[in-house]
Amino acid sequence: MNLIEALNTDKPINNLLKIAEQSFLSGKQKEEILSDFDRFCDSLENESKIDIVLEAMDVIDGWCTPDKDFTEYTTPYIYA
């Protein structure tokens, strides 16, 4: 699932956060993930969809729900 598909589901924030977590587990830093989401947000024209992405970004950043910051309890695994 990509960001566009996630945004168009019945639970867009949950699906956007799953993508963010998968990206983190793949080795991306939180700042890179936020940058990806920011670029995606800039490409949108629908104000309500922009608000959804911004809300997901608040969660990713830890501003909205610091107790649910997945980067605090999730460690990317590298398999050799």
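Helices here are DSSP runs of H or I with at least four residues, numbered from the N terminus. With that in hand, the elements of this predicted model run α-α-α-α-α from the N terminus on.

Of the 80 residues, 38% count as buried. The accessible surface comes to about 5400 Å², and carbon and sulfur atoms hold 51% of that. Among contacts between residues at least 6 apart in sequence, 54% join residues at least 24 apart.

Now for the inside. The largest nonpolar core has 20 residues, and Leu-16, Phe-37, Val-53 and Ile-60 have the most contacts inside it.

| Element | Residues |
|---|---|
| α1 | 3–7 |
| α2 | 12–25 |
| α3 | 30–42 |
| α4 | 47–61 |

Of these, α4 gives the most, with six residues. In soluble globular proteins, nonpolar side chains tend to be buried together.

Leaving out residues up to four places away in sequence, Leu-16 touches Leu-3, Ala-6, Leu-7, Phe-37, Ile-52, Val-53 and Ala-56.

How do α3 and α4 sit against each other? Their axes come within 10 Å and cross at roughly 175°. Angles over 145 degrees count as roughly antiparallel, so α3 is roughly antiparallel to α4. By class, this contact has 11 nonpolar, no polar and three charged residues. Residues of α3 including Lys-30, Phe-37 and Asp-38 take part, and those of α4 include Val-53, Ile-60 and Asp-61.

Definitions and conventions
Residues are numbered from 1 along each chain as its sequence is written. This is a predicted model: local features need pLDDT of at least 70, side-chain atom pairs count only at pLDDT 80 or more; totals for chains, interfaces and linings use all residues. Side-chain values use heavy atoms; hydrogens and water are left out. Helices (H or I, at least four residues) and strands (E, at least two) are DSSP runs, numbered from the N terminus. Buried means under 20% relative accessible area, exposed over 50%, partly exposed in between (1.4 Å probe, protein chains only). Contact means heavy atoms within 4.5 Å. Accessible areas come from the Shrake-Rupley method with a 1.4 Å probe; for residues, only the protein chains shown count as cover. A nonpolar core is a set of buried Ala, Val, Leu, Ile, Met, Phe, Trp, Tyr and Cys residues joined through side-chain atoms within 4.5 Å. Axes are lines fitted to C-alpha atoms, for helices over the stretch in contact, and angles run from 0 to 180 degrees between N-to-C directions. Angles under 35 degrees count as roughly parallel, over 145 as roughly antiparallel, 65 to 115 as roughly perpendicular and the rest as oblique. Ala, Val, Leu, Ile, Met, Phe, Trp, Tyr, Cys and Pro count as nonpolar, Asp, Glu, Lys and Arg as charged, and the others, Gly among them, as polar.
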